[in-house]
Amino acid sequence: MKAILEFNDEERHELRLAINADLIYATLWDASQEIRKLLKHREDLEFREDQYQAIQNIQSLMSETIYKIDEL
């Protein structure tokens, strides 16, 4: 597959995002896996219930985002 992306001078930020999309995705995946490990071994850590829920919500959001990207 071949794609040509064109950006004007005002869109430099978008250009950088497009160029680094693979790095951004890999970072999102790695962070998601680290959070998964935290949740899996939560007995070893002393999370309060609200902390656990917050981490679980972040992990769900990250998983949904990864799934959406994979579906493109």
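Glu49 and Arg42 bring their side chains together in a salt bridge, at 3.6 Å from N to O; the term stands for a side-chain nitrogen of Lys or Arg within 4 Å of a carboxyl oxygen of Asp or Glu. Both partners are partly exposed, Glu49 at 47% relative accessibility and Arg42 at 28%. On this scale, buried is under 20% relative accessible area, exposed is over 50%, and partly exposed is in between, with a 1.4 Å probe and protein chains only. The model is a predicted one, in which local features need pLDDT of at least 70 and side-chain atom pairs count only at pLDDT 80 or more, while totals for chains, interfaces and linings use all residues. Residues are numbered from 1 along each chain as its sequence is written, and side-chain values use heavy atoms, with hydrogens and water left out.

The structure has 3 salt bridges. Side chains of opposite charge can pair when their charged atoms come close. Another of these pairs is Asp50 with Arg48, at 3.0 Å from N to O, and here Asp50 is partly exposed, at 46% relative accessibility. Glu34 and Lys37 make a salt bridge too, with 3.2 Å between N and O. These two sit 3 residues apart in helix α2, about one turn of the helix. Glu34 is partly exposed at 45% relative accessibility, and Lys37 is partly exposed at 44%. The helices named here are DSSP runs (H or I, at least four residues; strands would be E, at least two), numbered from the N terminus.

Helix α2 covers residues 21-40, and it packs with helix α3 (residues 49-71) at an angle of about 145 degrees, the axes being 10 Å apart. On the α2 side, the contact involves Tyr25, Leu28, Trp29, Ala31, Ser32, Ile35, Arg36 and Leu39. From α3 come, among others, Tyr52, Ile55, Gln59, Met62, Ser63, Ile66 and Ile69. The axes are lines fitted to C-alpha atoms, for helices over the stretch in contact, and angles run from 0 to 180 degrees between N-to-C directions; contact means heavy atoms within 4.5 Å. The crossing of α2 and α3 is left-handed, in the sense that the near helix is turned anticlockwise from the far one by less than a right angle.

A few residues give a picture of this contact from either side. Ser32, in helix α2, is buried at 2% relative accessibility. Neighbours within four places in sequence aside, Ser32 is in contact with Gln59, Met62, Ser63 and Ile66. Over in helix α3, Ile66 is buried as well, with 5% relative accessibility. Leaving out residues within four places in sequence, Ile66 contacts Tyr25, Leu28, Trp29 and Ser32. Tyr25 is 41 residues away from Ile66 along the chain, yet their C-alpha atoms are separated by 7.8 Å.

Gln59 is another residue of helix α3, and at 17% relative accessibility it counts as buried. Not counting residues up to four places away in sequence, Gln59 touches Ser32, Ile35, Arg36 and Leu39. Between the C-alpha atoms of Gln59 and Glu34 there are 9.4 Å, with 25 residues separating the two along the chain. Gln33, also found in helix α2, is partly exposed, with a relative accessible area of 24%. Gln33 and Met62 are 29 residues apart in sequence, and 9.8 Å apart from C-alpha to C-alpha.

Finally, there is the surface. Leu5, Phe7, Leu15 and Ile19 form a nonpolar patch there, with about 370 Å² of accessible area together. Patches are made of residues with over 30% relative accessible area and no salt bridge, where nonpolar side chains (Val, Leu, Ile, Met, Phe, Trp, Tyr) are joined within 5 Å and like charges within 9 Å. The areas come from the Shrake-Rupley method with a 1.4 Å probe, and for residues only the protein chains shown count as cover. Leu5 is in the segment before α1 (12-19), and counts as exposed at 61% relative accessibility.
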